[in-house]
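Below is a short briefing on one protein chain. Keep the structure open while reading, and find each residue as it is named.

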Amino acid sequence: MRRVLSRLVFALALPLVLVAVWWVSSAGSQDVYWPPLRTVLESFPEVWTGERWRGDVLPSVLRLAAGYALAAVVGVAVGTLVGSHRRVRAVCEPVLEFLRAVPPPVLVPVIMLFAGIGDTMKIVVIAAGCVWPVLLNTVEGVRAVDAVMAETARCYGVTGVARLRHVVLRAASPQIFAGLRQALSIGIILMVISEMFAASNGLGFTIVQFQRSFAIPGMWTGILLLGLLGFVLSVLFQLVERRALGWYHGLRAAARRSP
C-alpha cells in the first residue's frame, strides 16, 4: 500500500505543479487567446455536453480504434513475414524505408481522392501512420528470436502455426508492444489531423470550429480533452501490456534480483 501511494504521488506531482503554474500565470489574463484556466474549466461542462460526446468524441474514438486495429493487424502480419525470411526482407526493406519516410499527413489529400471524405479516409490515414512503428518493431523482434530457442522448438517438432504463436510471436512480443505504444500516440495525432480536412464532426473538427468562431475557451477545453483522452488510452494500454507481458516483466524482475 505504501508503495502504491508513493507511485501515485510521483505520478501526480508534476501534473499538479503544471496545473498550478498555469492557474497562477493565467489568473489575471485579459488576452483573448490566453484565457484564465478557471474560465476554461468552468466552460468545460457547458461545451462538452452529452450530445457533443455522442456527436464528436465517440466518432473520433471509434475511428482511432478502427485505424489502430487495422495498423496492428497489418503491421504484425507483414512484420512477421519480413522478419522471418531473409530474402523477403532484402527485397522489401528499401521500399519499406521509403514509405516510412513519407509523413502520413502529406498523404491526406491523396487518400481523399481514393477514399472520399468520410470515415474511411480518416481510418486509412490513421492506419497509414500507425502501421510503421508496429511493422518495423515486429521485424526487429522476429529477427532477434533466440537461435537456441528456435532450434529447440524445431527438434521437438514445434512447427507451423504452433511455432509462430508460441516461439516467434511470444519472443518478439516485447518489441511488438513497444511499436504498439508508439503507434498509439501517432494515431491520436493523425485522428485530429484527419478530422481537420473536410469533416463534419470529431474532436479535430470541433477544435478548429471553436478557433474559427473565436470561442477560445471552448478551443482550450478541446485541447484539454485530447490530453485526457491520450492519458486514459495510455493507462489502458499499460494495463493490457502488463497482463500480456507478465512473463517478460517477471523474468526482468528475477534477473534484477539475482546476484
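This is a predicted model: local features need pLDDT of at least 70, side-chain atom pairs count only at pLDDT 80 or more; totals for chains, interfaces and linings use all residues.

Phe214 counts as exposed, because its relative accessible area is 55% and the cut-off for exposed is over 50%. This residue lies in the loop between helices α9 and α10.

- Phe214 has a positive phi of about 60°, although it is not a glycine.
- Most residues other than glycine have a negative phi.
- The positive phi comes just after α9.

- Which residues of α9 are buried? They are Leu203, Gly204, Thr206, Ile207, Val208 and Phe210.
- The cover over these buried residues includes α2 (37-47), α3, α8 (160-195) and α10.
- Helix α3 covers residues 50-84 and helix α9 covers residues 203-212; their axes come within 8 Å and cross at roughly 125°.

**Helix α10: packing against α2**

- The axes of α2 and α10 are 9 Å apart, and the helices pack at an angle of about 80°.
- That angle makes α2 roughly perpendicular to α10, because the range for this label is 65 to 115 degrees.
- From α2, the contact uses Thr39, Val40, Leu41, Ser43, Phe44 and Val47.
- From α10, the contact uses Pro217, Gly218, Trp220, Thr221, Leu224 and Leu225.

- Phe231 lies in helix α10, which spans residues 216-244.
- Is Phe231 buried or exposed? Phe231 is exposed, with a relative accessible area of 55%.
- Phe231 belongs to a nonpolar patch on the surface, together with Val232, Val235, Leu236 and Leu239.
- Together, the residues of this patch have about 470 Å² of accessible area.

**The loop residue Pro103**

- Where is Pro103 found? It is in the loop between α4 (86-100) and α5 (108-115).
- Pro103 has a relative accessible area of 43% and is therefore partly exposed, as this value lies between the cut-offs of 20% and 50%.
- Pro103 and Ala128 are 25 residues apart along the chain, and their C-alpha atoms are separated by 9.5 Å.

Key. Residues are numbered from 1 along each chain as its sequence is written. Side-chain values use heavy atoms; hydrogens and water are left out. Patches are made of residues with over 30% relative accessible area and no salt bridge: like charges are joined within 9 Å, nonpolar side chains (Val, Leu, Ile, Met, Phe, Trp, Tyr) within 5 Å. Accessible areas come from the Shrake-Rupley method with a 1.4 Å probe; for residues, only the protein chains shown count as cover. A salt bridge is a side-chain nitrogen of Lys or Arg within 4 Å of a carboxyl oxygen of Asp or Glu. Helices (H or I, at least four residues) and strands (E, at least two) are DSSP runs, numbered from the N terminus. Buried means under 20% relative accessible area, exposed over 50%, partly exposed in between (1.4 Å probe, protein chains only). Axes are lines fitted to C-alpha atoms, for helices over the stretch in contact, and angles run from 0 to 180 degrees between N-to-C directions. Contact means heavy atoms within 4.5 Å. Angles under 35 degrees count as roughly parallel, over 145 as roughly antiparallel, 65 to 115 as roughly perpendicular and the rest as oblique.
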